[in-house]
Amino acid sequence: MNLNQFNRILRQVFLLPVIALLLLAVALFLQIQDANSTVQLIQESDARIAQVSRIEKLILNEESGLRGYENTSDGRFLQPYLDASQGLQKEFDKMETLPGLDAVEKHYIDDLIEKHQLWLDAFALPVIATIQAGGQARDVDLNLRGKSMMDDIRQDIADTTHNAEQRRIARIQLWHRQVRHMEWLLLLLALCVGIFIGLFTRNRMHAVSSAYKTSLDVLGRRAEEIFQSEQQLRTTLASIGDGVITCDAQGIVQMMNPVAVDLTGWSQAEALGQPLETVFHIVNESTRHPVENPVSKVKRMNRIVGVGNHTILIRKDKTELHIADSGAPIRDRTDGIAGVVMVFRDITLERKTQDALLANEKLAVAGRLAATIAHEIHNPLDSVSNLLYLMRNGATKEESVQFMDMAEQELARVTQISRAMLGLYRESKAPVLVDLKEMLQEILLLMERRFTDEGVTVRVDLPSGISVDAFPAELRQVFSNLIANAAEAAGHGGEVRVSIAPQPGFSSNGHKQEAGATVTIEDNGMGIPEEVQPHLFQPFFTTKGERGTGLGLWVSRGIVTKHGGTIELASDTSEAAHGTAVSVFLATKPTINAGGD
Amino acid sequence: MAQEPHLVLCVDDELIGLKVRKILLERAGYRVLTAPDGSSGLELFSNEPVEAVVLDYSMPGMNGGEVASKMRQTKPHIPILLLSAYIGLPSEVLSMVDMYMTKGEGPPVLLQKLGSLLQPLSNA
């Protein structure tokens, strides 16, 4: 349920009782109106009864006045009669115009008026006339007739009054019924409206309460989910193999996982609130200079940064660990930096393994070289031992001279090979000037046999006089490796090109650049598929199966990097221009990176 | 020697080595044909009544193993002695030849091994 629905329900719950009560009021109003009209009818009846009694009184006044006049013949006694007659006409008119008269009542009134008129005409007026004429009106018959007429009138009045009273009683009963009816109706309607409002409100409240319950459920579930996810993250963080330190944007440590505690030697409680560089004290392995604070570096770069290689973490107890680390920004809602997460791990063991691997590869290279050299030496040795055998078993003088010439030639070959071999182990602590042409020629000489065996043609473009500062044995390892790879890739009938291109200190458009030379080793083999290329410089990646250690290019790159140079590989697998070219740039006066792999 | 000397084919790309080996074998009483590579060796092998082959393993173009397998296809009964400056040649190559020796073991070993290869033939 959203807020709109909730508001609608609120409106409904407010409006509906108001409307229901209004309807109830209308019904009651109608009922009261009915009762009111009944009351009006009762009042009409009352008015009628009163009117009739006034008429009765006047008629009695007439009669008694007339009677007095009859007895005394004195005109003063006639005065009440005259007054009453005068009033009567008015009262009769009033009676006739009274509202709410029905036919029966009208009939009664007309009858009364008629009978009164009859009494007047047939009794009263003749009596008055007789007396005024000086006569007497004491005749019994006449008076009896008058009396009976008056009785008739009286009867009529009594009937009219009775009729009106009956009606009044009936109306009062009607009014009572109406009031009772109204009471019942009120009760019933109140009950209905009450029940209706109750049910409706209950229904609406039910909707609200179920929505509320749903919301509560959802909230509960969310809370549970959040709790679980937090629990999950906490467990993940705790059980992760890397050290994790979280800092705020100012570089103050906020959290460390157990591995971080272990690696830094700072407990969670000690580290909390400390600046990162205190807890996570890192220096460069070779220079021993402090490494830039990862927090400021992340803030400066505004992205994930790998904090340089060859970093040493100085622990709280001043012991040292080789670490690999990276820092990542924690974003706030506006994409600003709310903090920084440092992830690091101990690579001391890894570094030892790496060193071991390097040594291993050196051994493998040496082993392969030894096999090549043995082969190279075995051939001339075989010839020499055959020649010696021939000479010992009786050769003529001319033959001996010829045999010795041949033996000398073969020994010269052995000497040449052993010299090249000596070059391999001329290792010095500091870089020395290496003539690239000389070095490449020596390597090619040693590998000549291999090229002829494999049917590979070698083309060279080696200008003289290009030298760089380097460790010769290591460079030799790189080039031997690359040339051997090229020969293998070129395959039978293929071609390998080895060239040196000098790079002057200024480019053709006058920009300053690093002076040096690029040695390029190309083959016209099948090329390296693009999906394989990214793996080439990884350790243990080999396309040669059992024959390769998978370390050659990895070690080569390490050596080139150490020499402050670069190694690049370009390969094409297309039909028209397949082949691979590896370029090694070496600076003339390089900055040697001691551990630069 | 009552019978015709044995005809031996030597194949090797080491020219001085080949020349010396030819003189050595001729002194030991063999007739010797030489070839500087696999393909010319195979040609001589099929055209001449060669009785034994002394074959170098590492040669440009076609190595000793390939040459031996081609020879086995044309004349499987001719014995082959494989010479090499390497040790640890692939076993499928070794299984194809009658005998194998490394260079530098000395001429007596060569002569003795070649002799033993031809012995059954001379007995026949």
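These are legends for a few close-up views of a predicted model.

Residues count from 1 along each chain as its sequence is written, and chains are lettered from A in the order in which they are written.

**View 1. Where chain A meets chain B.** Here 18 residues of chain A are in contact with 17 residues of chain B; contact means C-beta atoms, placed from the backbone, within 7 Å. On the chain A side, α9 (348–392), α10 (397–424) and α11 (436–454) each give two or more residues, with α9(A) giving the most, eleven. Helices here are DSSP runs of H or I with at least four residues, and strands are E runs of at least two, numbered from the N terminus. The predictor gives the complex an ipTM of 0.87 and a pTM of 0.43.

**View 2. The largest nonpolar core.** A core is a set of buried Ala, Val, Leu, Ile, Met, Phe, Trp, Tyr and Cys residues joined through C-beta atoms within 7 Å, where buried means 20 or more other C-beta atoms within 10 Å of a residue's own. This one has 35 residues, and A:Phe479, A:Ile483, A:Ala486, A:Val496, A:Ile521 and A:Val584 touch the most other members. α12(A) supplies the largest share, nine residues.

**View 3. Around A:Ala486.** Leaving out residues up to four places away in sequence, A:Ala486 touches A:Val496, A:Ile521, A:Glu522 and A:Asp523.

Conventions
This is a predicted model: local features need pLDDT of at least 70, side-chain atom pairs count only at pLDDT 80 or more; totals for chains, interfaces and linings use all residues. Two residues are in contact if their C-beta atoms, placed from the backbone, lie within 7 Å. A residue is buried if 20 or more other C-beta atoms lie within 10 Å of its own, exposed if 12 or fewer, and partly exposed in between; C-beta atoms are placed from the backbone.
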